[in-house]
Amino acid sequence: MFRKKSVWLYLLPGLLGLMAFYLVPFVWGVWFSLTDGTIDNRFVGFDNYLRVWQNEVFQLGLKNTIELSLLCAPVIFVLSFLLAGMLRKPIAGSTFYRNALLMPYLMPSAAMLIIWLILFDYGGPVNRLAVALGFDRVFWLEGAALRVPIVLLYIWKNLGFSVVIFTAALQAVPESLYEYASLEGAGWFRREWSITLPQILPTAFLVFVLAVVNAFKIFKEVYFIGGAYPAESIYTLQHYMNNKFSKLDYQDVTTAAYSFAVIVIALFLLLYRTKSVRQGEAA
Amino acid sequence: MAQSHVSVGTAGKRRRRSTRGLMRRVRRARPLSCLILTLIAVIMLIPIVFTFLYSFFPKGEISSYLAQRGSYDQSRWMDILFSPAQVSLRQYYTILIEEPQYLQLFCNSVLYAGAILVGQGFVIPLTAYALSRFRFRGRDALFFLVLVLMVLPFQVTMAPSVMTLRALGLLDTVWAVILPMIFSPFYLFLVRQFMIGIPGEIVEAGQMDGAGTLRCFVHVMLPVCRPILCAAAALSFADSWNMVEQPLIYLTNQSMQPLSVMFNQINTDSTGVAFAGAALYLLPMLLIYIYFQDDILLGVQLSELK
């Protein structure tokens, strides 16, 4: 560790940029959400928040955002846990499986739209499969069912990320623990329950919170499939903000944004706390 | 912070161990997990494979295929195409040579992603170096701030960002998209996580030889950080290649938009070439993934907190 004054020279460019493009807008935004936006810009306390929270469109957006993230997060969590369990030990083709899972993480969702529209068309392959399995055809691209292709596009893109983190956590459990347990006569279930589970619990929690926080930001996928004014079932908080924004209603945008930010930051702090608690135990 | 030492150390060890394990005993997967993994891998790859496959179909075949969409007729199905009547590069010819609009947007995307990378190359390693190898007042608070900014969705500061950019006279110029991305907190976090895990002895050896902090940075830190810098570059390129929200809000001029924003709009005009467009759009990311796959894996493992 250096203790030199020259550190400020290294920090300067990054610090200036962070201030100008992130911190100043953030603080300015807080001020915005607390004033009334007229010429004298009076301080109105939490009036904006009370008004925005009572707005039905805002409530719709919030409800949809929460529901979408509660659809995405558990699926990603469970699937990535199962897949990571299969990829824990090196098996033939594990590099291929891992690459197939992680590759979509880099792929632009915009380019996938056309394939998605074909897959979920009323006469498309997904409905063919459904009929072959004895179900009825569904209008996937309309109304409430629209959520399904969106959630699947999101999962397709983000699943590999969680799998990689989970796999790493599983592989970090010391092999000797298992060997010792086997010597003591513990069976498969006993080993998983008493060794694997406690060892990976912090990561499991992390993956879950991340899945919720990131799914909370779901917008791109919805925007591509549903456009700027989508069906009611997929109208998210970000649509509300974008539309308020294009009406130049900055007070409402920032107020909605910070209501949203509070939830995200709360989840983040929860995560940060548990992480430092875990590190405290380790030390 | 000790925590990050732990995570970087284990990431490195994990990698080494897994390669050694691979050499020692590659097990055959149990049939069931093999089946499930293959099934999921195929599902993940289908959209990519079919995009490329369909890009070699003749334009007419694709337009009539896409015209089958949106039918409400219970008795009708869309065809499932596997092989073209004849392999054709016509789609590529059209978007690359006949209609320059696609290529122009593609170049915009390359320019944005490239400019952002160059800027990040200057800013991110230096700032991460300061945050990881120096002790100064307020360092931990600054790092915490970076973390908070990292998890915030773009929309939170969207309105004030626009006003800030307008005040700086940058709104509606390419810089409005480029400059904020250069200081993206996520990559700062990523590189810092790696740097803080580098053993102190390496840097101290340089110091012993009389190198100053700058020489240590250039001759010791940068070479050691090569994997994470590659990972950050690849992930950042993907990020810029995918970005939608920022250009959509900051730029009103359509000809300045990157491909990510305009892609679906130009597709509705000319359906026959949609797949060649998508394939060309995917191709750079595909090559980057293949070339940097190990580094990207490391990057994702280190980004636990994202």
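This is a predicted model: local features need pLDDT of at least 70, side-chain atom pairs count only at pLDDT 80 or more; totals for chains, interfaces and linings use all residues.
A residue counts as buried if 20 or more other C-beta atoms lie within 10 Å of its own, and L259(B), with 24 other C-beta atoms within that distance, is therefore buried. Chain B contains 15 helices and 0 strands, and 42% of its 306 residues count as buried.

**Chain B as a whole**

- Among the contacts in chain B that link residues at least 6 apart in sequence, 81% are made by residues at least 24 apart.
- The helices of chain B number 15, whereas the count of strands is 0, and the helices taken up below include α4(B) and α15(B).

**Surroundings of L259(B)**

- L259(B) belongs to helix α14 of chain B, which covers residues 259-269.
- Once residues up to four places away in sequence are set aside, L259(B) touches L105(B), F106(B), N108(B), S109(B) and Y281(B).
- Between the C-alpha atoms of L259(B) and P47(B) there is a separation of 19 Å, although these two residues stand 212 residues apart along the chain.

**Packing of α4(B) against α15(B)**

- The axes of helix α4 of chain B (residues 90-98) and of α15(B) come within 8 Å and cross at roughly 70 degrees, which makes α4(B) roughly perpendicular to α15(B).
- On the α4(B) side the residues in contact are Q91(B), Y92(B) and I95(B), and they meet F275(B), A276(B) and G277(B) in α15(B).
- Sorted by class, the contact of α4(B) with α15(B) has 4 nonpolar and 2 polar residues, with no charged residues.

**The largest nonpolar core**

- The largest nonpolar core comprises 169 residues, and those with the most contacts inside it are C72(A), V191(B) and I228(B).
- Helix α15 of chain B, spanning residues 274-302, supplies the largest share of this core, namely 16 residues.
- Domain 1 (1-33) and domain 2 (48-282) of chain A both give residues to this core, so the core lies between them.
- With neighbours within four places in sequence left aside, V191(B) is in contact with I124(B), P125(B), A128(B), C225(B), I228(B), L229(B) and A232(B).

**Contact between chains A and B**

- On the chain B side, 86 residues are in contact with 85 residues of chain A, and the largest share of the chain B side, 12 residues, comes from α15(B).
- The side of chain B that touches chain A divides into 55 nonpolar, 21 polar and 10 charged residues.

**Domains of chain A**

- Chain A is divided into domain 1, residues 1-33, and domain 2, residues 48-282, and the C-alpha centres of these two domains of chain A lie 31 Å apart.
- Direct contact between the two domains of chain A involves 4 residues of domain 1 and 7 residues of domain 2, and the domain 1 side of this contact has 2 nonpolar, 2 polar and no charged residues.

**Backbone at D172(B)**

- D172(B) has a positive phi of about 70 degrees although it is not a glycine.
- Most residues other than glycine have a negative phi.
- D172(B) is found in the loop that runs between α7 (158-167) and α8 (174-182) of chain B, and D172(B) is partly exposed, with 14 other C-beta atoms within 10 Å.

Conventions
Residues are numbered from 1 along each chain as its sequence is written. Chains are lettered from A and ligands numbered from 1 in the order in which they are written. Helices (H or I, at least four residues) and strands (E, at least two) are DSSP runs, numbered from the N terminus. A residue is buried if 20 or more other C-beta atoms lie within 10 Å of its own, exposed if 12 or fewer, and partly exposed in between; C-beta atoms are placed from the backbone. A nonpolar core is a set of buried Ala, Val, Leu, Ile, Met, Phe, Trp, Tyr and Cys residues joined through C-beta atoms within 7 Å. Domain bounds come from an automatic or database domain assignment. Ala, Val, Leu, Ile, Met, Phe, Trp, Tyr, Cys and Pro count as nonpolar, Asp, Glu, Lys and Arg as charged, and the others, Gly among them, as polar. Axes are lines fitted to C-alpha atoms, for helices over the stretch in contact, and angles run from 0 to 180 degrees between N-to-C directions. Angles under 35 degrees count as roughly parallel, over 145 as roughly antiparallel, 65 to 115 as roughly perpendicular and the rest as oblique.
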